[in-house]
Amino acid sequence: MDEPKMLDCLNKIRKVLKGTITREQVSDWAEIYVSADDPEIDDDQVWGMLILLSGIDLKDSPHSYLHCADDLNDWIEKYQ
């Protein structure tokens, strides 16, 4: 399993914002690394982003996500 880069993570967020990938798909992708026995992620910022992305699909009600589009844009700005 190749180590993801920050650009990979940011591109996943951009795709969610464009509607070309679902939040659930991004969460599943990130969860592979977060739940691994030995994830071997050397970059602490990438690790932090993967943890955020593993929860990108969390909902605060049956019809709305905990993290709104503004939050996702903030993540891009913070980690770019």
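Predicted model: local features only at pLDDT ≥ 70, side-chain atom pairs only at ≥ 80, totals over all residues.
Let's start with how the helices sit together. Two packed helices are described by the angle between their axes and the distance between the axes. Helix 1 covers residues 6-18 and helix 2 covers residues 23-34; their axes lie 9 Å apart, at an angle of about 165°. Angles over 145 degrees count as roughly antiparallel, so helix 1 is roughly antiparallel to helix 2. The crossing of the two is left-handed. On the helix 1 side, the contact is made by D8, C9, K12 and V16, while helix 2 contributes R23, V26 and W29. Sorted by class, this contact has four nonpolar residues, three charged ones and no polar ones.

Now follow helix 2 to its other partner, helix 3, which spans residues 44-54. Here the axes come within 7 Å and cross at roughly 135°, and the two helices are therefore oblique to each other. This crossing, too, is left-handed. Helix 2 brings V26, S27, W29, A30, E31, Y33 and V34 to the contact, where they meet W47, L50, I51, L53 and S54 of helix 3. Nine of these residues are nonpolar, two are polar and one is charged.

Finally, back to W29 and Y33. Across the whole structure, a search finds one aromatic pair, and W29 and Y33 form it, edge-to-face, with 5.6 Å centre to centre and 75° between the planes. Both residues lie in helix 2, four residues apart, which is about one turn of the helix.

Methods
Residues numbered from 1 in each chain as written. Heavy atoms only, no water. Axes fitted to C-alpha atoms, helices over the stretch in contact; angles between N-to-C directions. Parallel < 35°, antiparallel > 145°, perpendicular 65-115°, else oblique. Left-handed = near helix turned anticlockwise from the far one by under 90°. Contact = heavy atoms within 4.5 Å. Nonpolar A, V, L, I, M, F, W, Y, C, P; charged D, E, K, R; others polar. Phe/Tyr/Trp six-rings, centres within 6.5 Å; stacked < 30°, edge-to-face > 60°.
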